[in-house]
Amino acid sequence: MERLLLSGNEAIALGACHAGLKLAAAYPGTPSTEILEAIAKFPGIYAEWSSNEAVAVEVALGACYTGVRAMACMKHVGLNVAADAFMAASTTGVRGGLVIVAADDPGIHSSQNEQDSRNYARLGKVPCLEPSDSQEAYDFARSAFQLSEEFDTPVLLRPTTRVCHSKSVVMPSPKLELERTPQFSHEPGKLVMLPGAARERWRKVLERMEKLTIYAEKSPLNRAVEGSAELGIVASGIGFQYAREVFPNASFLKLGLTHPLPDKLIRDFAGRVKKVLVIEEVEDFIEQYLRSQGITALGKEIFPRTGEFSPDIIRDSAVKAGIIDNTPAKSWPAAGLARRPPLLCPGCPHSGVFFTLSSLGHRSTLPGKKPRPPKLTICGDIGCYTLGAYQPLGVIDTCGCMGAGISQAAGMAKAGAAEKPLAVIGDSTFMHSGINSLLNAVYNQAKICVLILDNGTTAMTGHQGHPGSGLAATRQPAARVIIEELVRGAGVRNASVVDAFDLKAVRAELRRAMASSELEVIIVRGDCPTLTRKRSRPRIINTEKCDNCGACLLIGCSAIKKSESDGIIIDSGACVGGYCALCQQVCPKEAISESIGEAV
Amino acid sequence: MKTQNILIVGVGGQGVVLASNLLAEAALSAGYDVKKTDTLGMAQRGGSVVSHLRFGEQVASPLIAAGEADLLIAFEKLEAIRWGHFLKTDGAAVVNDLAMPPLSVTLGSDVYPCDAEIVTALKRFTPEVHLVPGTATASRLGNAKMVNTVLLGYASNFLPIGAERLASTLEAGLPPKLRQPNLVAFETGRSMYLK
Ligand code: SF4
Ligand code: SF4
């Protein structure tokens, strides 16, 4: 039989494809991004990057109303944006199968919080499936569509970072060949949620939950693995795999369907073992249910309430609680090592504007000089440019959720902040929800300065397209929304475009906009070098002229290094050269120039 | 066979994930159950990257527990110490002789350890510490970018997967024009251990 080594995300994509998927919509977000990227490669499935997660769910919902199978994918925080659409989908139910994937990020590898999406399943009264490896990601994606159609409900598929981004063996099943002609038929009682119809539908939603609860008892998604009667472990998701490592002899109740939970199955299992442990990442979702049923179980008393689990964490916690006593010799990480936080790439178009903000705002100082108190209020957003918060730039003061920077700045201005606040947002994020915030700022005449850092892509998640990029999910050309036209159309009178690599122009524009007493939008434009890979001769430092002042280090370019022996040098393999040349513009001694010889 | 645990570490952009994918494919073709996972976070942008690879009869967790790695392959020296505690007491560390000081070092708030400190730190975990001149060897062979292949060649001496299988998996994943030089790099790396 065919054995494939797939990541959980690739497996979800393949499972959905083999389940007859017709349409998929997503907004990129780690750890979910690769699902849509994989789907976009399959022929015969329409795949799109939607402008945000709510839009993605609405697009998928519309498609499923025509009777085909559809999917929307996002990361956990994206489900907050999509919450309204998600609830709407729950209320009307579906025609063709609808699966909504929300990938959770326990341990906050690349997010702004650690929320548990299972709570949305409870809120929306929809079934929730939790795969624990790639095989299950594949199988559950298929089952999810079947459940969706059988119970007239969207299904929430909740993988976590470790499932999304780990690879394991998948044995695929035969592809379903669904003969479905997309067609919409009128049924206002189901699809038009005016109060009268909605009341009726909500009753159906409650009935649906009752039916699902009965189904959960016999569903193959939940299974018991018999072992010793001393210890019984109820586990879901990747926690199950870790627990198997740590407690090879225990009995397991492995829950793949975690909402609704199977009452009798759990009760029977608990009755067969002496002690019950619940192992689940993030919240005590299953554990609370057990408690509410009067079943004595240990869970979050022992295992962490926050952070990602690992076999180590489960073992340590169990040892501490006296459940296992063989503490294996444990080694500890070396202490006091130099940290290595992520950085903007060499040649990043954000470096110049951040360097300028940093110097105008006293955010960084030359090595050896005393820092001054910072100036400027800079509301940030989520994307590569959030990395501007790290030293040596240090130019982000707030970062909450996508699109929020502009509204936060407006809030500060309206609250009467003395200094004109700045908001920094990327092009993709601007399309996602920044545009809404900008409309608000225009309408309410907020005197702020908005910097749209336009690198033409969604860089942080790996260069996905968006309405301003002119690139479809399939990497084919798409229509392109011109940001400056959009901004002006939104009613912004003062909108300018500046070249991200022209430091003088950036500085002048910033100064002007900050001094103006109106709403200002500056579009700082420059290609992401990791996408376009434009390169020319690398820059080089003339050691005779260079006095080691360290000014060029303040750009935060990782191609510029300081070595004990040679002073400051430029890594010719990393520097993108004349396309950027920021360091050259910064150096007060004019010590930096184009290298002679061959272009890299 | 007992489950084999291999940890590959380095700096974002060095090809850690590619290397571990390659080993994983080789293990799959050798008939093993395989699980692997990469911890990246935002670290694609020059941060610390670690990839866990496990294969054997049946593998449950994709993550390796601390103190359980049979082999640590480090593409950069500081990262080798950062992840050294994953090594088994009889595990092996194959470390590329390359320093990439993070910006915190460049800006003067942290220090980069010297070679002696690096070796001592790793010897706390296992006596089998190999500092390999991977970057220099690859440059000598004509392309510094083949450093990963050199290191994989060296590391192949510690793997229960045949060198032929590794080499052919490597070959299959490369465009035709890069195949021959990389096979040479692999063999060179492999023979460096025997010397
Ligand atoms: S990916 Fe592009 S936008 Fe992001 S840091 Fe690198 S160069 Fe800058
Ligand atoms: S030109 Fe200067 S700032 Fe730009 S990538 Fe090269 S070294 Fe870095």
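Trainee: Why is the site of ligand 1 shared between chains?

Mentor: In this predicted model, the answer follows from which chains supply the surrounding residues. Ligand 1 is surrounded by residues from chains A and B, so the site is shared between these chains. The list around ligand 1 includes Leu344(A), Cys345(A), Cys348(A), His350(A) and Cys384(A), and it also holds Arg45(B).

Trainee: How many residues of the shell around ligand 1 are nonpolar, polar and charged?

Mentor: Among the residues around ligand 1 are Ala459(A), Cys528(A), Pro529(A), Thr530(A) and Arg45(B). Sorted by class, the shell of ligand 1 has 7 nonpolar, 3 polar and 1 charged residues.

Trainee: Which element gives the largest share of the largest nonpolar core?

Mentor: The largest nonpolar core has 49 residues, and Phe354(A), Leu357(A) and Leu451(A) have the most contacts inside it. Elements of chain A that give two or more residues to this core include α15 (349-360), β16 (449-454) and α19 (503-515). The largest share, 5 residues, comes from α15(A).

Trainee: Is Gly388(A) buried or exposed?

Mentor: Gly388(A) sits in the loop between β14 (378-379) and α16 (404-415) of chain A. Leaving out residues up to four places away in sequence, Gly388(A) touches Phe354(A), Leu393(A), Gly394(A), Val395(A) and Ile396(A). Its relative accessible area is 0%, and the cut-off for burial is under 20%, so Gly388(A) is buried.

Trainee: What distance separates the C-alpha atoms of Gly388(A) and Val234(A)?

Mentor: Gly388(A) and Val234(A) are 154 residues apart along the chain. Their C-alpha atoms are separated by 43 Å.

Trainee: Which parts of chain B does the aromatic pair of Tyr32(B) and Phe55(B) link?

Mentor: The structure holds 10 aromatic pairs over all chains. The pair of Tyr32(B) and Phe55(B) is tilted, at 5.3 Å centre to centre and 40 degrees between the planes. These two residues are 23 residues apart, and the parts linked are the loop between α1 (16-29) and β2 (33-39), which holds Tyr32(B), and strand β3 (residues 48-56), which holds Phe55(B).

Trainee: Why is the pair of Trp83(B) and Phe86(B) tilted?

Mentor: A pair of aromatic rings is described by the distance of the centres and the angle of the planes. For Trp83(B) and Phe86(B) the centres are 6.1 Å apart. Planes under 30 degrees apart count as stacked and over 60 as edge-to-face. The planes of Trp83(B) and Phe86(B) stand at 50 degrees, so this pair is tilted.

Trainee: Which residue lies over the face of Phe184(A)?

Mentor: The distance from the ring centre of Phe184(A) is 5.6 Å. The residue lying over this face is Arg95(A).

Note on methods. Residues numbered from 1 in each chain as written. Chains lettered and ligands numbered in written order. Predicted model: local features only at pLDDT ≥ 70, side-chain atom pairs only at ≥ 80, totals over all residues. Heavy atoms only, no water. Core = buried A, V, L, I, M, F, W, Y, C linked by side-chain atoms within 4.5 Å. Buried < 20%, exposed > 50% of the residue type's maximum accessible area, 1.4 Å probe, protein only. Helix = DSSP H or I, 4+ residues; strand = E, 2+ residues; numbered from the N terminus. Near = heavy atom within 4 Å. Nonpolar A, V, L, I, M, F, W, Y, C, P; charged D, E, K, R; others polar. Phe/Tyr/Trp six-rings, centres within 6.5 Å; stacked < 30°, edge-to-face > 60°. Lys NZ or Arg CZ within 6 Å of the ring centre and 35° of its normal. Contact = heavy atoms within 4.5 Å.
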